[in-house]
Amino acid sequence: MSAKEYRTASAARGGLLTVADVPNIAFGDRVRIRDQQGNTRNGQVIRSSNEEVLVQVFEGTAELDLESTWVRFLDEPVEIALSPEILGRVFNGLGEPRDYRPPIVSNLRRSISAAAFNPAARTYPKEFIQTGVSTIDGLNSLVRGQKLPIFSASGLPHNRLAAQIVRQAKLPDDDSRFSVVFAAMGVSYSDARFFQEEFASSGVLGNVVMFVNMADDPPVERLTLPRMALTAAEYLAFDLDRHVLVVMTDMTHYAEALREVATAKGDVPARKGYPGYLYSDLAEIYERSGRIKDRHGSITLVPVLSMPSDDITHPIPDLTGYITEGQIVLSRELNNQGIYPPVHISPSLSRLMKDGIGKDFTREDHPHVSNQLYALYARALETRNLASIIGADELSARDRRYLEFADAFESRFVRQGEDEDRSIEETLNLAWDLLSAFPPQALTRVNETEIAKYHRQSE
Amino acid sequence: MKQTEKKGTIQDINGPIVTIKLPGVQNGEQVRIGSLGLYGEVISLEGEEALAQIYESTEMVRPGEPAEGLGHPLSVELGPGLIGGIFDGVQRPLEEMFLKAGDQIPRGLSPLPLDREKLWRFVPSETLEPNMPIIGGARLGVVQETETVEHRIIVPPDIEGELIELAPEGDYNLEETIGQVRDRRGQVRHLKLYHRWPVRKPRPYQSRDNGVEPLITGQRILDTFFPLLKGSKCAVPGPFGAGKTVVQHQVARWANADIVIYVGCGERGNELVDVLDSFPKLKDPYTDRPLMDRTLLIANTSNMPVVAREASIYVGITIAEYYRDQGYDVVMLADSTSRWAEALREVSGRLGQMPVEEGYPAYLASRLAAFYERAGRVETMDCGKGSITLIGAVSPPGGDFSEPVTSHTKEIIQTFWALSKELADARHYPAIDWVDSFSADVGTAAEWWHESIDRGWEKRRAQALGMLARDAELSRIVNLVGPEALSSAQRWVLEGATLIKEGVLQQSALDPVDTFSSPEKQFMLLDLILSVYDEGAALIELGVPVQELAEMPVLARLRRCKELYDSSQTDQLKAFRNEALKDFKEIHSEYAQRGEQTA
């Protein structure tokens with residue numbers, strides 16, 4: 001650690017501080033800033049040349065002056081101290097405790113910007129995780145090591161769904177050690193308290209590491225927070241052999257913080273003012289989930305993001321969808337009908353589902369049932385549109401059956417209680433209840449053996 | 001290539017863009033910077049200073065650290081040992097790095113792409129003799145690279161002169177000399193089993209040639225409806241979740257190409273693992289050997305440094321050209337070119353270049369065009385024929401095809417496989433939209449289909465597309481006024497179109513039978529469904545109610561034909577055809593009799 005302090009700050013703008021005449025400062029170096037009152041702030045070098053150094057100040061540059069600001073370069077990257085003690089603790093975006101308990105003391109410190117995993121070191125995720133939520137397990141299955149975001153919007157119950165997943169997620173017949181890493185960026189106090197109480201009441205608190213940045217905390221801290229959280233998750237997964245579920249909320253606040261800093265730096269904006277590197281930046285975060293050869297643990301990532309103005313083509317959900325292995329999309333329409341969880345299955349998808357379900361994993365009919373429900377529901381929604389134009393009375397008997405199916409699907413399959421933990425067996429049987437409203441020949445996605453075995457009419 | 005080493009120092013670090021003071025460095029030259037020796041490439045010069053883009057993270061690099069020029073542009077090693085490998089965006093072997101350095105990719109590590117120890121059995125060409133004149137691209141001999149691929153050792157394109165000596169048959173490693181050539185300047189050049197080639201410079205060939213036969217991918221909607229010729233260029237645009245990657249994987253699996261190069265450019269790590277896991281277990285349907293024996297992967301996952309992403313597709317296409325020069329039909333898949341374009345945008349943004357559309361630099365269109373133009377069917381220097389078929393995935397933001405990358409790409413390519421969110425949402429896979437997609441190669445493909453499969457191909461294809469268009473039109477009416485407004489004949493068109501969609505267009509990549517359809521099977525299915533439609537249409541003329549036809553049990557079976565009979569069971573399919581048409585004949589005679597009675 002360098003003891004030398006510089007008093008050569010030459011510009012302060014937003015979260016950025018320029019320091020002149022400091023030689024040979026490393027790119028990405030951690031910085032400590034002392035203001036005239038003697039308070040310290042934290043920062044990181046984001047551009048370095050012989051003439052000047054640009055420092056991103058996490059707490060912002062408000063109330064700094066250029067004359068009496070002291071800057072010290074610590075000659076180390078932004079790091080996090082790691083030990084098994086982190087479980088049950090709450091940190092801020094810089095890895096400092098925010099639960100009024102002492103900081104973690106450990107020899108093990110890791111840079112939060114880890115090098116990318118070698119694709120040759122990964123193993124393909126294929127262990128089905130049962131979340132107890134039918135629309136996820138049955139139609140968009142989550143597997144260990146997957147990254148599956150929840151696309152939500154303001155006012156929708158994404159937090160309740162995320163909490164339900166945390167509470168219920170398990171591998172059928174497996175009780176190995178699991179942990180939760182919870183990363184909250186720019187959340188409100190009520191949301192933060194909701195999660196804390198959820199974890200406490202379900203008794204998992206001792207297995208949870210929380211990283212919290214409130215809506216009124218410095219936005220720049222949101223940029224390091226997910227990386228802190230994932231470095232902790234990697235430690236738990238690959239050093240301590242735990243299965244880690246990482247829940248991140250809300251990625252939209254993260255991206256907005258990135259835009260704020262990018263704009264201050266003068267980066268060329270690409271779409272809606274977001275910098276061109278938003279994709280690469282989000283990928284650095286999301287791609288840290290997965291499974292590694294010869295390691296017991298895993299990182300499963302469930303980021304939550306709110307779609308600004310419910311727009312799925314907004315850059316944040318759009319770029320996220322291109323990186324993650326699917327998405328669970330919540331619908332305002334279903335929510336307004338009082339359906340919880342309001343999962344809109346049509347745009348929802350799990351890319352890793354195909355290898356984690358079926359014979360040997362869940363049940364042999366699972367892939368076909370899922371496909372069949374999707375096809376019928378798509379057709380049913382078309383019929384519903386038609387009915388809203390020409391009136392349900394004008395529909396043929398065949399079409400009316402689709403209409404009934406859509407209602408039954410939403411009220412019985414999609415809707416479930418917040419504490420209702422359905423096994424995959426129950427989910428699939430429920431699916432067959434709905435499919436049995438159709439004659440066997442109308443079910444083209446399931447095969448004849450499955451119809452003979454599960455279709456109610458053929459019993 | 002000059003071997004003089006140039007030394008300098010780092011001036012400024014701005015993410016992956018680093019300013020170095022390095023007098024005498026060339027534009028495009030490779031550099032190593034910092035105490036870690038990170039690799040990069042000079043992208044512009046100004047006075048004594050050079051801007052370099054660095055392929056690795058520059059964290060904790062500081063001004064004042066050394067920088068050195070390597071004297072050559074970004075190049076790839078071309079020789080036996082490429083096939084079956086997985087390389088990163090600058091051709092570092094990822095398997096070897098995993099063994100050497102563990103789970104994560106460390107910085108500054110640069111193992112050689114090709115194994116230097118391994119011995120290869122070299123068999124020299126019999127037609128060559130000492131003192132013969134020899135040109136670049138001439139075949140010196142062969143090495144069996146994998147069971148599937150015979151690697152033809154060729155003279156590097158930039159060498160020509162007189163062959164002095166050619167090694168006899170035997171086992172050689174990559175560094176041993178297998179031939180000597182006296183070039184035009186009288187210098188003796190030692191040829192090895194491998195050579196290097198700069199990735200941004202297209203490899204030379206004699207002349208361009210027209211495509212003559214379609215690439216068979218075993219995917220019905222691609223081969224039958226939107227064919228792609230060997231040596232052609234194709235784009236696969238689609239929003240996320242529409243199935244771009246599955247389409248690309250299916251082509252990589254089942255295409256009748258000699259070599260498949262899959263470039264994962266800024267995509268998901270787990271998807272590459274899927275390829276790495278499944279390809280060695282899958283059999284090439286044409287040779288019955290493991291697919292990995294003809295496949296090569298270039299992986300720059302989305303979390304790997306962005307500059308190497310920009311390089312990765314050039315690395316891929318250069319290797320593709322090398323196998324083309326050996327006279328092979330190569331398929332290169334780039335997933336996704338949008339990520340490559342974004343890498344360009346990111347670098348140009350850091351350089352402060354003036355953005356034109358959505359932040360992209362003005363040279364986007366010309367770079368895209370120049371890249372796609374490296375595909376094609378050519379007459380090689382050696383007077384053989386080789387081709388590169390280039391299939392680029394495009395990831396338009398928000399699925400909007402009017403964005404710059406999609407629209408510029410569309411101007412260059414011949415075949416366009418447009419993926420649709422609506423189809424994917426209804427789980428209609430592959431979600432290739434038959435309205436937005438096009439192929440400029442149907443005429444040439446038709447010649448091949450007529451020659452090899454059936455004379456009726458072009459007619460049947462047109463009929464099916466016509467019915468699908470009619471279906472879209474009629475569906476609009478139904479959505480306005482309900483199905484009752486349609487005549488029986490029109491409703492039968494809707495039924496027929498549904499049969500085409502479910503029985504032909506939809507194809508499951510996961511079903512072991514349906515995943516691959518031979519051209520014979522493709523045509524038989526299409527012809528069968530259209531024959532059934534034609535028979536039905538004739539019955540409707542006779543007054544048979546459309547409801548009776550729609551509920552015929554044979555139709556349910558017809559939809560399942562694709563998964564009931566594999567490509568070798570054409571006889572069973574024929575038998576089913578006769579059976580199905582017989583059912584229609586029976587109704588026909590029944591109604592014809594009735595008609596006579598009433599008459």
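1. Two residues are in contact if their C-beta atoms, placed from the backbone, lie within 7 Å. Keep that in mind while you look at this predicted model, starting with the place where its chains meet. By that rule, 61 residues of chain B are in contact with 64 residues of chain A.

2. What does chain B bring to that meeting? The elements giving two or more residues to its side include β1 (6-14), α1 (94-101), α11 (457-481) and α15 (553-564) of chain B. The largest share, six residues, comes from α4(B). If you sort the residues on this side by type, you get 25 nonpolar, 19 polar and 17 charged.

3. Strand β5 (residues 40-49) of chain A and β1(B) run antiparallel, with two bridges between them. To find the spot on screen, pick Ser49(A): opposite it in β1(B) stands Asp12(B).

4. Now to chain A and its strand β15 (residues 178-187). Is this strand buried or exposed? Of its 10 residues, 10 are buried, so the strand is largely enclosed by the rest of the structure.

5. Who are the neighbours of β15(A)? Seven bridges join it to strand β17 (residues 243-249) of chain A, in parallel, and there Val180(A) sits opposite Leu245(A). Seven bridges also join β15(A) to strand β16 (residues 208-214) of chain A, again in parallel. Here Val181(A) has Val209(A) as its bridge partner. Between β15(A) and β16(A), the chain crosses through helix α3 (residues 189-201) of chain A, making a right-handed β-α-β crossover.

6. Next, the nonpolar core. The largest one has 308 residues, and those with the most contacts inside it are Ala232(A), Val246(A), Ile261(B), Met332(B) and Ile529(B). Helix α5 (residues 306-325) of chain B gives the largest share of this core, 12 residues. Setting aside neighbours within four places in sequence, Ala232(A) touches Ile80(A), Leu82(A), Ile86(A), Val181(A) and Val209(A).

7. Strand β15 (residues 179-183) of chain B pairs with β16(B) over four bridges, and one to look for joins Arg182(B) to Val188(B).

8. Finally, zoom out. Chain B is assigned domain 1 (6-73), domain 2 (115-193), domain 3 (207-439) and domain 4 (457-598). Taken over C-alpha atoms, the centres of domain 1 and domain 4 of chain B are 64 Å apart.

Terms used: Residues are numbered from 1 along each chain as its sequence is written. Chains are lettered from A and ligands numbered from 1 in the order in which they are written. This is a predicted model: local features need pLDDT of at least 70, side-chain atom pairs count only at pLDDT 80 or more; totals for chains, interfaces and linings use all residues. A nonpolar core is a set of buried Ala, Val, Leu, Ile, Met, Phe, Trp, Tyr and Cys residues joined through C-beta atoms within 7 Å. A residue is buried if 20 or more other C-beta atoms lie within 10 Å of its own, exposed if 12 or fewer, and partly exposed in between; C-beta atoms are placed from the backbone. Two strands pair if DSSP finds at least two bridges between them. Domain bounds come from an automatic or database domain assignment. Ala, Val, Leu, Ile, Met, Phe, Trp, Tyr, Cys and Pro count as nonpolar, Asp, Glu, Lys and Arg as charged, and the others, Gly among them, as polar. A crossover is right-handed if, with the strands pointing away from the viewer, the path from the first strand over the helix to the second runs clockwise.
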